[in-house]
Each structure stands twice: as C-alpha cells, then as structure tokens.
There are 2 protein chains.
Amino acid sequence: MNAFCAAVDWGTTSFRLWLLARDGKVLAERRSDEGMMAAREAGFEAVLERHLDAAGAPLALPVVICGMAGARQGWQEAAYVDAPARLDTLAAAAISVGTARRDVRILPGIAQRDSDHPDVMRGEETQLLGLTQAGLGDALVCLPGTHSKWVVLREGTVERFSTFMTGELYATIAAHTILRFAVEGGDAEAGRSAFVHAVNEGFTAAPEISRRLFGLRAAQLLGFADAKDATARLSGLLIGLELAGAAAQYGPLRLVVLLAGGRLARLYRTALESLDVEVRFVEADDMGRRGLLSAAAAIWGDGARI
Amino acid sequence: MNAFCAAVDWGTTSFRLWLLARDGKVLAERRSDEGMMAAREAGFEAVLERHLDAAGAPLALPVVICGMAGARQGWQEAAYVDAPARLDTLAAAAISVGTARRDVRILPGIAQRDSDHPDVMRGEETQLLGLTQAGLGDALVCLPGTHSKWVVLREGTVERFSTFMTGELYATIAAHTILRFAVEGGDAEAGRSAFVHAVNEGFTAAPEISRRLFGLRAAQLLGFADAKDATARLSGLLIGLELAGAAAQYGPLRLVVLLAGGRLARLYRTALESLDVEVRFVEADDMGRRGLLSAAAAIWGDGARI
C-alpha cells in the first residue's frame, strides 16, 4: 500500500512519526526522545529526515506535524489560532516549512486570549480534531499529562479550555521536596485504596492541599502511614485537586471523555469513577494520528500523492 | 557581664548561636549555613565547639539547642512531645548529649499524633515558648517559612497545628517547572498590586491553583502580563492558598500573630492585611532566643553558672 503522508507528533521531549496510507493504516512507525529540546540542538530537519529514512519513507513524501515543533522556540512558529476555534480549520492555518526535499506543514496550537483565563495548547488540538472526526464533537474532554488540559468541545469547536500543571507538580514535588523521602520507590498504582482516598481529599479539601502534602511526610515520621502508599497518595491528592479545579470551571462533572493512554488513563479513570463521574475512554495516540491524517487530507486533497 | 549559657537554633540548613547573659542580653552571636545537613558531614560537636570558640565562650559553658539537631537524622534524637503540649514543659523533656567538655541539651519538637492530621515541628516550639514568655500565650500564630506552621496557642499550650509546604513549593516551582521561564529575575516584593491580586485568587479559588500557576506562563506567552510581576504572582498565589488552608482549619481569620522576620514577614503581613486580617507582628529570632533562654533557666536554675 502506498504512503499518503508522514504524520509527526513532536512534543517537548518526545517524537513520534507514522507513515500513513490514505485510509489511515499505519505502514511504519518511529518513536524517539528527540523532542523539541533535543531537536533544537540536532536540527529539526536532520532529525525528521533520519526518521523518515529509517521508516522507509518515499522521496518527497509530504509531512504534517503537530506539537511543540511549531512553538516560538521550535522549528518554525505556527501562530496560535484563537479559541473558540473550529478544529476543521486547523489545517488551513498550518504553516509551510521551507525544506528542499519535501512539503512539510506544521499545525497551529490554540490560544485562549482571555486576560483572566489565558491559556495555550500545542498538540492536544490535533487529538481533539481526531476525536471530532471520530464523531465526538460535543464533550467535556480531559487530556491528562504534564500539563493536563480540560476542554469544552461543542460541535467540533474548542470553546474554552484550562491547563492544570498536575503532572509537572507531581514530578517536581516527588523529586525536589522533602516528600522525595516519603515517595522513594513507590508506585501510584500500587495502593488503590490510598489513591482513591487521596483523590477524595484533594477534590473536597483543595484549600488544604499543601498541608496534606506535608502530612504525607508527617504520617510516615509518626508511623501512621505505610510508606508504599505515599506515591499513590501524592498522585491522588494532585489529581483530586485537578478534578476540583475542573469542576470549579465547568460545573459538576457528570460525563467526561478521557483522551489518554497507558498509566495516566488508568489513574484518571479510577479517580473520576471514584467520584461517580461517567468516563468514556478514548486512546489519545489513535486520535492524534487520526487528527494528523485528517489535516493532511484537507491540505493535500484526497488523491494519493505517491 | 558573664555568660549564662549558649543558645543555638540549629535548623536543616542554618546554624545560629548566641552567648546570653542571665537577663537575655546578647554577648556574642554567630551565624552560619552549617545546618543539620552540613553538620552530619562535619560532626555536630566539632561545628558547635568551633563556633563557641570563635564567640569566645567560657570553658564548660552549658549549651541549649533547639531544631533539627534533635531530629532522628540529627545529632541525637530528642523524641517529640505530643500536642496538646504545654510549652513550659519542653525544658524537662530536653535530652542531654554526652560530650566531654560541657553540658549540652537539645529541646524536643512537638508531634500531633492524629492519623487524619499528622504533623510535626522542630524549632518553632521554642519560638512559641518565647512568645508565651512574652505574654502572648493565647493566639492563632502564623510562622511562615519553607514549611509554614499555623498554631493554636491557648494558655501557653500548643493545642493544634498545621504545616503548609508553601516556601518549599514556591522554591521548587520557581526552579524546576516551566514557570522558571516566567519568574526569571523577578522579585516577589517588586509588584505589590500583582501580589495582592494573586493572594486573593489563591485564597478564594484554591481548587484552581494549578490552573492559575500555568496561567502565569500563558499570560506571558500571550502578552497579557508584565514579566516582572510573575514572581510576585507566584508568591501571592501560594501564600493565598496557605491562608485559605489556615481558614479552612481554624475558621475565619481575624487576628493573627505573625511570628516571622525580614522578607517573609513583610509578604505575609501584606497578604493578611489585604484580606482584612488584623496582624500582630513579633520578631521570630527574638522569640527563639527568648525561648532558649527560658528553657536554659528551667534546666540550670536561676544562678549564673560561670
């Protein structure tokens, strides 16, 4: 089967590339940690061409990219489109990167230019485009991660969204505060009941979050808590806090589309369901690829290029 | 005037020593960054003796110590006394450290053995003892810092307390997250109105704290915020969150005794007053010294030793 395009999700610290047939079939795939930070050193075009070559991409195969490659400090800036943003207009706002060998486009992120609620996304909008293509154009969507996004999607338009620094706070607190002694060697998935309990604490007692964080350490010092639960409790407190923030923004959480993968998908599903929120899980990677394919089709038409 | 004792406040990363006359007059003073972490390497006795020598302390002058030197990983563990804890019983619970040269006592910290609200302090209890000696034995006390303490003091007894990780969260977020780009070169005291606005946000919208943290970065990316205000806003959000947590624990804040010093004293005073809380400021260092002297008098009697 002939390749229609290469699709790339280029994050801050990760790089993923697929060769796709017109119908979305994956013909080849590459993963690496050459995200934006690494590619700034090595050169974006060099990194891309090496992976295309390794994947066996035909000469002159066009490439569509989403994510941080389009940031100001990335390959070439793809200016944000503003929310409310119709997702099927992203392709038209893609920028063209001048390279000698092939047609390379970078999709824009979305900006929320509200001085009381400024926010930005880069990469998630393409997963949301895929979600819309899959028929889920009306939803409250949670995309957990380093910077978790909560998005109000209506008729294929990103109306409003909020970013919560949950993943980054978790990693930073676990690595650099006194809690590093408390969470050593733990696993957030190892203590389900401790996790669920902490989600509820973070959700219902948000103002006390920094006291409860210190409490993880104090509980161990005083012999109240099992050391193996501390990681689950830290994770639960911060995810619970995020859910409280989402509810404060978007009202009581009833049905949430969880656009995620792997470990985070399992943790957030457990957290949401423990609060009696109905969860509809959709694999984020699949939607990202689908969004990139949809943008490629809009840019290069329905005809196979090669 | 003869020295009655040496008094040492030995924290995690700081060391302070005073030679005190019986009436509390400071005869000599030493400061260094040889806190518990450094002294574990260099040896506690060696660090102490060097500073005593440099301060011109008489041979065999007794020494009273508070703080992390009494932690499990410190010089010698001074087991916590339990809350509710009468502060005038701390001296009787001091441990005696075996050294050849002099009588050295380490005061205990206080533990709150409540499985739903476990907490510990080491060092602050001695400042609170000083506060009680100064006639302020009934108060809601705020001791801001790396691990801020809020303490309900009644008739010279520590009834309940809570630790908030405010200072440590601030330092960690500013150094290790994406916000490091936002706060570069800023000063929390430089943007008073930004600080006060953020205190109010953190206080009234605690569940949204991690969204508002990300918003500091997004606001800069989108040109809404003055870069020089980001440090003040980060500081304000986290202090506001702490005040919300204290109010959740101890009811509406009306009158708070602020046991602090320097920059933190100014920031917390501004924050509290912006929320219409009456503040009574007391210098923390003075109270720490006063608490140590009071414990020394209880241990060694009223007679001068030298």
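Modeller: A residue is called buried if 20 or more other C-beta atoms, placed from the backbone, lie within 10 Å of its own, exposed if 12 or fewer do, and partly exposed in between; a nonpolar core is a set of buried Ala, Val, Leu, Ile, Met, Phe, Trp, Tyr and Cys residues joined through C-beta atoms within 7 Å. This is a predicted model, in which local features need pLDDT of at least 70 and side-chain atom pairs count only at pLDDT 80 or more, whereas totals for chains, interfaces and linings use all residues. Residues are numbered from 1 along each chain as its sequence is written, while chains are lettered from A in the order in which they are written.

Colleague: Which residues have the most contacts inside the largest nonpolar core?

Modeller: In soluble globular proteins, nonpolar side chains tend to be buried together. Here the largest such core has 214 residues, and Ala6(A) and Ala6(B) have the most contacts inside it. Two residues are in contact if their C-beta atoms, placed from the backbone, lie within 7 Å; beyond its neighbours within four places in sequence, Ala6(B) is in contact with residues including Leu17(B), Trp18(B) and Leu19(B).

Colleague: Are the faces of E2(B) covered or open?

Modeller: Strands (E, at least two residues) and helices (H or I, at least four) are DSSP runs numbered from the N terminus. In strand E2 (residues 15–20) of chain B, six of six residues are buried, with Phe15(B), Leu17(B) and Leu19(B) on one side and Arg16(B), Trp18(B) and Leu20(B) on the other.

Colleague: How many bridges join E1(B) to E2(B)?

Modeller: Two strands pair if DSSP finds at least two bridges between them. Strand E1 (residues 5–10) of chain B runs antiparallel to E2(B) and is joined to it by six bridges, and a hairpin with four residues connects the two strands. E2(B) also pairs in the antiparallel sense with strand E3 (residues 26–32) of chain B, over six bridges, and Trp18(B) stands opposite Glu29(B) in E3(B).

Colleague: Which element gives the most to the side of chain B that touches chain A?

Modeller: In the interface, 38 residues of chain B are in contact with 38 residues of chain A, and H7(B) gives the most to the chain B side, with eight residues.

Colleague: What should helix H10 of chain A span?

Modeller: The expected span of a helix is 1.5 Å times one less than its number of residues. The 17 residues of H10(A), 284–300, should therefore span 24 Å, and the end C-alpha atoms are 24 Å apart, which agrees.
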